[in-house]
Amino acid sequence: MKEYNIIFYDSLPFIEENGNIIFIDTGAPLTIHKTNELSFNSNTYQCVTQFFGTTVESLSELIGKELTTLMGIDILSNYYVLFDYRNKVVKFSEKEIDFDGKEIKFIKTYFFMMEITVPLVEFKVDNVPLKLHIDTGAKISYLAEEITKKYPSIGVEKDYHPAYGGFETNCYNIITSLGDDEFLVKYGNLPDVLNLFLGNANGVIGYDLFNNFLILFDFKNKILKYRKY
């Protein structure tokens, strides 16, 4: 098992290794790197240098921080990955990590008949079950406007999506449940065209999940393990 210090920028997690600045993005199916090959954790992985026009250069410009790599599920799924935001560390292990906490199964999700590898888990808002993608690349979480409209706006914030660019959204603080644990999440509304990419999911949950829970991804068995801080 190897432990990396998390360097947060705008609530997004970065690590550094072998001169690479790596943005860990559980919401991305593929890894985008400056070259077609990435050396990471004593292993070598094949990567793409662009995905539907997105490159590390265009990502660096959007995010406002230089990076060499966006690490997606294709590499992350080779490991058990433990995120500890409060202590600013992430651990990668090829063997199972001993973890004292609760667990919940991933839900299968599809986009135009293709299975999406981004982890999807059931949460509840107002006791209504919602399927949300778990995305370390989301500083703001997202739900449909029909859900958030009953809550008062706490203001407008700027965000971006690699396939869309920058946008603004009203934000809402909403109590959310994972199992029997409740926590407060800041949600916005995605532009309509981006909702099409959600497949059978109801939205996206990001930073606030990781800031409230110790999170372990067991990609082999498609299980999320968690323990509230």
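Two strands count as paired here if DSSP finds at least two bridges between them. Helices (H or I, at least four residues) and strands (E, at least two) are DSSP runs, numbered from the N terminus.

Some ground rules before I go on. This is a predicted model, where local features need pLDDT of at least 70, side-chain atom pairs count only at pLDDT 80 or more, and totals for chains, interfaces and linings use all residues. Residues are numbered from 1 along each chain as its sequence is written, and side-chain values use heavy atoms, with hydrogens and water left out.

Back to the sheet. Strand β3 (residues 12-17) runs antiparallel to strand β4 (residues 20-24), and four bridges join them. Look at E16: opposite stands I21 in β4. What lies across these strands? Contact means heavy atoms within 4.5 Å. Axes are lines fitted to C-alpha atoms, for helices over the stretch in contact, and angles run from 0 to 180 degrees between N-to-C directions.

Next, the six-strand sheet. It is open, with antiparallel pairing, in the order β1-β10-β9-β21-β22-β11. Its edge strands, β1 (2-5) and β11 (102-105), each pair on one side only. On average, neighbouring strands here are turned by 20 degrees against each other, direction ignored. β1 pairs with strand β10 (residues 89-93) over four bridges, in the antiparallel sense. Within that pair, E3 has K91 of β10 as its bridge partner.

Stay in this sheet for D218. D218 sits in strand β21 (residues 213-218). Is D218 buried or exposed? D218 is buried, yet has no salt bridge. Buried means under 20% relative accessible area, exposed over 50%, and partly exposed in between (1.4 Å probe, protein chains only). A salt bridge is a side-chain nitrogen of Lys or Arg within 4 Å of a carboxyl oxygen of Asp or Glu. The nearest side chain of opposite charge to D218 is K225, 4.4 Å away. For charge, Lys and Arg count as positive and Asp and Glu as negative; His and the chain ends are not counted. A polar atom of the D218 side chain lies 3.4 Å from the backbone nitrogen of K220. Leaving out residues up to four places away in sequence, D218 touches Y80, I223 and K225.

So where does K225 find a partner? K225 forms a salt bridge with E96, closest N and O atoms 3.4 Å apart. E96 is in the loop between β10 and β11, K225 is in strand β22 (residues 223-228), and they are 129 residues apart. K225 is buried at 11% relative accessible area, whereas E96 is exposed at 53%.

How many salt bridges are there by this rule? The count comes to eight. One of them joins D10 and K139, with the closest N and O atoms 2.8 Å apart. D10 lies in the loop between β2 and β3, and K139 in the loop between β15 and β16 (141-143), so this pair ties together parts 129 residues apart in sequence. D10 is partly exposed at 37% relative accessibility; K139 is buried at 17%. There is also a network of salt bridges linking K102, D180 and D181.

Now a hairpin. Strand β14 (residues 120-125) and strand β15 (residues 128-134) pair antiparallel over six bridges. V125 stands opposite V128 in β15. Two residues lie between the strands, and D126 takes a positive phi near 55 degrees. D126 also meets K150 in a salt bridge (3.7 Å, N to O). K150 lies in the loop between α3 (145-148) and β17 (155-161) and D126 in the loop between β14 and β15, so the pair ties together parts 24 residues apart in sequence. K150 is exposed at 58%; D126 is partly exposed at 47%.

Last stop, V185. V185 is in strand β19 (residues 181-188). V185 is buried, with a relative accessible area of 0%. Not counting residues up to four places away in sequence, V185 touches S141, Y172, N173, I174, T176, I205 and D208.

How values were computed
A polar contact is a pair of N or O atoms within 3.5 Å; within protein, one must be able to donate a hydrogen and the other to accept it, and residues adjacent in sequence count only if both atoms are side-chain atoms.
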